[in-house]
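Try each task before reading its solution.

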Amino acid sequence: MNISIIGSGYVGLVSGACFADLGNKVICIDNDEAKIKKLKSGSIPIYEPGLKELVKRNMKEGRLTFSSKIKEGVKKCEVIFIAVGTPSKDNGDADLTFVEHVSREIAISMPAYRLIVEKSTVPVNTGEWVEQTIRIFNKRNIKFDVASNPEFLREGSAIEDFMHPDRIVIGVKSKKARDILIELYKPLRIPVVVTDIKSAEIIKHASNSFLATKISFINAVADICDKVGADIIEVAKGMGLDRRIGKEFLNAGAGFGGSCFPKDLSAFIRIADKVGCDFGILKEVQKVNDYQKRLVVKKIEDLLWNLSKKTIGVLGLSFKPNTDDIRQSPSLEIISTLQKEGSKIKAYDPEAMNKARKILRQDVEFCKDAYSVARDSDCLVILTEWNEFKELDFKKIKKLMKQPVIVDSRNIYGPTEIKKLGFRYAGIGRR
Ligand code: NAD
């Protein structure tokens, strides 16, 4: 099939490259001309394992091209995915300005039947708005369909997730739209849930909100473990082996971040409010998540007595490992609080330093590795569970530090072993 993907960010670029790898001809479009220029020259603007090779291979074989013109994609391709950002507004609503803009541009340029697919995460009823917008600006009355096909990939394992998802969700109104999307996803041989557009939109928001709830739930349990001296790792294991609960998303830590969970949770709460349903559980989920970040700062303070004039070594800036994405990363908020308390920050992340430099700019000393961070630090705080932080030489680290203090906000070390080496240690929900 000829497919165009509008919005070439984490979702658009990965989806485009994967669709191309499945044998389709794909045009990835973005209005960020610098990004498109980079992509055309073979350079990838984001870090995602395996993406560079995938893009390169499909460009070479002529299945993947890039453009900054929506018109070009709409003219050449029957299936058009919208994968632009849907960020949060100040009041928590999803900002759908980009989706509206793209819908209008598609309507103006459509030469013949087109299937327009929402891949961005959008509030329920967005499909109707997209359809209405296209109808208004499609002056020649050309036939079209709108469908919803929410994306469930995770940054850091995006290609694997796209190619081997648990399910594909398709929300459609017509048989034609259904048949096109089923055909497109056929090579993946994955169960497809075909439903109406509104239900598909809600499936995405409800799924992310549920996962966020699981994280806040285990974080709240970890707080009890902390207070009574139980071990959250053991508790989560005991819970997770129950298939009704499942092992995933039961890692207590510094809270969730990223460009999806916080914004999708807010958007879902707002939708519920607007239709007169008080989704109180989700408001608590947000509260627990905010508390987790304050908790990490408190744990550092408890071990150092005062934060002022202390040097805190931060390991990890991205919101999770294997990505350079720092959007809504707990790290950034924790760093900012520590700075307000008068601490000096040294930091290292394997992939997110360039992005972090642009935001944190002054006052953070960016280091070349974990050992440089440890040098002269009063406390080392692990904020992202990158694999390379799991195998550090702690004897060396102890010698480099001003004081041997570790706050392990992702519970990647065993407290007993670390304490045996002479460190003062705090994890989340374990001692
Ligand atoms: P992103 O910010 O990385 O990418 C969005 C891209 O859209 C940007 O490159 C931007 O320049 C482009 N864009 C904006 N307006 C445009 C326009 N008018 N014309 C062309 N391009 C335009 O965002 P993302 O992380 O890829 O997320 C995209 C959507 O997918 C969001 O709704 C998000 O919630 C959803 N989603 C994201 C993930 C994830 O892990 N990042 C997973 C599932 C779903």
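The model is predicted, so local features need pLDDT of at least 70 and side-chain atom pairs pLDDT 80 or more, while totals for chains, interfaces and linings use all residues. Residues are numbered from 1 along each chain as its sequence is written, and side-chain values use heavy atoms, without hydrogens and water.

**Exercise 1.** Describe how H9 and H10 pack.

Step 1. Helix H9 spans residues 197-228 and helix H10 residues 232-240; their axes are 9 Å apart, at an angle of about 135°.
Step 2. That angle makes H9 oblique to H10 (oblique is what remains after under 35 degrees, roughly parallel, over 145, roughly antiparallel, and 65 to 115, roughly perpendicular).
Step 3. The crossing of H9 and H10 is right-handed.
Step 4. From H9, Phe217, Ile218, Val221, Ala222 and Cys225 meet Ile232, Val235, Ala236 and Met239 of H10 (contact means heavy atoms within 4.5 Å).
Step 5. By class, this contact of H9 with H10 has nine nonpolar, no polar and no charged residues.

**Exercise 2.** Find the buried residues of H13 and describe the packing of H12 and H13.

Step 1. In helix H13 (residues 330-340), Pro330, Ser331, Leu332, Ile334, Ile335 and Leu338 are buried (under 20% relative accessible area, 1.4 Å probe, protein chains only).
Step 2. Among the elements that these buried residues pack against are helix H12 (280-304) and strand S9 (311-315).
Step 3. H12 and H13 pack at about 45°, with axes 9 Å apart, which makes H12 oblique to H13.
Step 4. Lys293, Val296, Val297 and Ile300 of H12 make the contact with Pro330, Glu333, Ile334, Thr337 and Leu338 of H13.
Step 5. The residues of this H12 contact with H13 divide into six nonpolar, one polar and two charged.

How values were computed
Axes are lines fitted to C-alpha atoms, for helices over the stretch in contact, and angles run from 0 to 180 degrees between N-to-C directions. Helices (H or I, at least four residues) and strands (E, at least two) are DSSP runs, numbered from the N terminus. A crossing is left-handed if the near helix is turned anticlockwise from the far one by less than a right angle, and right-handed if clockwise. Ala, Val, Leu, Ile, Met, Phe, Trp, Tyr, Cys and Pro count as nonpolar, Asp, Glu, Lys and Arg as charged, and the others, Gly among them, as polar. Buried means under 20% relative accessible area, exposed over 50%, partly exposed in between (1.4 Å probe, protein chains only).
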